[in-house]
Each structure stands twice: as structure tokens, then as C-alpha cells.
Amino acid sequence: MPIRVYVLSAMLSLLSTAGDGIAATEIRTAAQQGTEPKFQSAGDGHVAGICIDIMRAVERLDSGLRFTGDQTWQPLPRIYSSLDRGVQDASCGLSRNPERERKYLFVGPALFTIRYHLVARIDDTAVVGNWDDLRRLEPDNVVLANRGFAGVGILEQAGVARIDAGAGDPKLNLQKLLAHRGRFFFHRTPGLKSLLERAGVASKVKILPAEMAASPLYFMVSRRLDPALAERLRAALQTLEKSGELERIAKSWE
């Protein structure tokens, strides 16, 4: 075999077996609390969800990559801190905003899109089809939102003046809603219906039909992450998008 052909054959063989018998490069991450079905308990001590399925799909495409920490729950503020200090490398399923883009990098195509709705008590007669309708209900229009989550910023940008983001747990916000400590709860799909069922309030509240906002979610990585590693992640996600796999995964959790 000519030397040139032999070298090319060897290179292709090496690429096709990347990771075989070799320790994979780790991408350190965490499961974000309160984000079902992006991350949710599988009921057996394991974490499941859209992001877990996406990470496993990336690993199948690039066997030289392995996500670690995805079975460990962490609140969003701790994830931020870990990314800042270089203790973690990436977080799955974050929306883009100016503050995050200053501090972190967003890699690859959108993983899936979340859509925001208002949740009201079952006997509430309010009709809210847009932000103007919500503002016209003042002063009886307090909106509950999860502390530290993108929904708070969306409400602020929409000019909603009465926001209560004191609770970081969606189940606690549902309890506050039923206790009349707010008129609406602002939350997103997919996963909203299952959240109401798990919280035991599905018969006591209703999801208003109007879609108030939509936000694509991405992989967000630390600026300390090796650029070559970020590029491998981007390439894998791009392949998953083109094949329709990202869309299939998201729909399987609706």
C-alpha cells in the first residue's frame, strides 16, 4: 500500500474509533433544580429529562465526550458560580440574554423552545390575551415567578410592574397562588401540565390559553472551556439538529 494511502486510512480509522479504549474528555455539568422536564426525577434516584437525552445523544455521536455531574441536582445560582470558577464547564437549556452573553458562551443551535403561559386559580374570570390585558388588571395583577429564572426578566421587559419572585420553587409558587398571594403564576411549557399534576393542584388551577412569550434554549458554557471542546460540542449539536433528533427528543417530553 502506498505510504500516502496508508496514512489516510490510518487517520480515518482513528477518527471512526475516537474514544474506544481511551478515557473520554469530560464536560462537567449539573442537573438544574426546578426545571422539569428539562431535568426531572426519574423516581429511582436518577435524573431524566430533555437535557439528559440530549447529552446522551451527543455522547453517542462523539464517543470521546462524556458529560459528568448530570445526576447531581443544583440550583441555578450555584451553577452560575461553578461556571464562573471553572468548576463546571457547561449547562444545558439556558435562554440567551445580555447579562449571560457577557459572562458565558452559547454553543450550537437552539436545543428546543419553551413557551410561557399564565396559570390562574380555577375560578378566576380574568381574560388575558396579551400583556396589555394583564397590565389593565392593576392593581390586582400580581404575577408569581421563579426567582433567578428567565421568566422574571421576560415579565420585566413586558412592563409588568407587580412581580413576586420571592420563591425559587414552582411548587411553592403554586401554593402561593392558591393562598391568594398572587393572581397569576408565570411558567413555561413543555412540562407545565405535568408540574400541576405532580403538585396536586391540577383541579384547582387552569392554564390560560394565550402564549405570552417564547424563548429558545441553548447549551451555555464557561469561557474557560477549551475552545476545541466547545467546537466538538457545537458540531455534535448541529448534527442532531439537522437529523431532527433534537426536535424528536423535545416532543417526546411534551
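Biologist: Hi! Where do I look first: at what angle do the axes of α2 and α9 cross?
Modeller: Hi! In this predicted model, the axes of helix α2 (residues 50-61) and helix α9 (residues 227-243) come within 10 Å and cross at roughly 105 degrees. That makes α2 roughly perpendicular to α9.

Biologist: Nice. Which residues of α2 and α9 meet there?
Modeller: From α2 you have Ile 54, Ala 57, Val 58 and Leu 61. They meet Leu 233, Ala 236, Leu 237, Thr 239 and Leu 240 of α9.

Biologist: And by class, what sort of residues are in the contact of α2 with α9?
Modeller: Eight are nonpolar, one is polar and none is charged.

Biologist: Let's switch to α7. Which residues are buried in that helix?
Modeller: Helix α7 covers residues 170-178, and its buried residues are Pro 170, Asn 173, Leu 174, Lys 176 and Leu 177. Seen down the axis of α7, they fall within an arc of 160 degrees, so they line one face of the helix.

Biologist: What caps the N-terminal end of α7?
Modeller: That's Asp 169, with a side-chain oxygen 2.9 Å from the backbone nitrogen of Lys 171.

Biologist: And what follows α7?
Modeller: His 180 does, and its phi is positive, near 65 degrees. This is a positive value in a residue other than glycine. Most residues other than glycine have a negative phi.

Biologist: Where does His 180 sit, and is it buried or exposed?
Modeller: His 180 is in the loop between α7 and β11. It is exposed, with a relative accessible area of 58%.

Biologist: How about α3? Which residues are buried there?
Modeller: In α3 (residues 76-85), the buried ones are Leu 76, Ile 79, Ser 82 and Leu 83. Looking down the axis of α3, you'd find them within an arc of 120 degrees, so they line one face of the helix.

Biologist: What do the buried residues of α3 pack against?
Modeller: They pack against the strands β2, β6 (73-74), β7 (90-95), β8 and β13 (213-222), plus helix α4 (98-103).

Biologist: What comes just after α3?
Modeller: Gly 86, which takes a positive phi of about 75 degrees.

Biologist: New topic: cis peptide bonds. Which residues does one join, and what is omega?
Modeller: One joins Glu 36 and Pro 37, with omega about 0 degrees. Pro 37 is in the loop between β2 (31-32) and β3 (40-41). A cis peptide bond also joins Glu 138 and Pro 139, where omega is about 5 degrees. You'll find Pro 139 in the loop between α5 (131-135) and β9. For context, most peptide bonds are trans.

Biologist: Last bit, the whole chain. How many helices and strands are there?
Modeller: The protein chain has 10 helices and 13 strands. Its C-alpha atoms fill a box of roughly 80 × 35 × 30 Å along the principal axes.

Biologist: And what share of the residues is buried?
Modeller: Buried residues make up 46% of the 254 residues in the protein chain. As for contacts between residues at least 6 apart in sequence, 73% join residues at least 24 apart.

Definitions and conventions. Residues are numbered from 1 along each chain as its sequence is written. This is a predicted model: local features need pLDDT of at least 70, side-chain atom pairs count only at pLDDT 80 or more; totals for chains, interfaces and linings use all residues. Side-chain values use heavy atoms; hydrogens and water are left out. Buried means under 20% relative accessible area, exposed over 50%, partly exposed in between (1.4 Å probe, protein chains only). Helices (H or I, at least four residues) and strands (E, at least two) are DSSP runs, numbered from the N terminus. The arc is that of the directions from the helix axis to the C-beta atoms. A polar contact is a pair of N or O atoms within 3.5 Å; within protein, one must be able to donate a hydrogen and the other to accept it, and residues adjacent in sequence count only if both atoms are side-chain atoms. Axes are lines fitted to C-alpha atoms, for helices over the stretch in contact, and angles run from 0 to 180 degrees between N-to-C directions. Angles under 35 degrees count as roughly parallel, over 145 as roughly antiparallel, 65 to 115 as roughly perpendicular and the rest as oblique. Contact means heavy atoms within 4.5 Å. Ala, Val, Leu, Ile, Met, Phe, Trp, Tyr, Cys and Pro count as nonpolar, Asp, Glu, Lys and Arg as charged, and the others, Gly among them, as polar.
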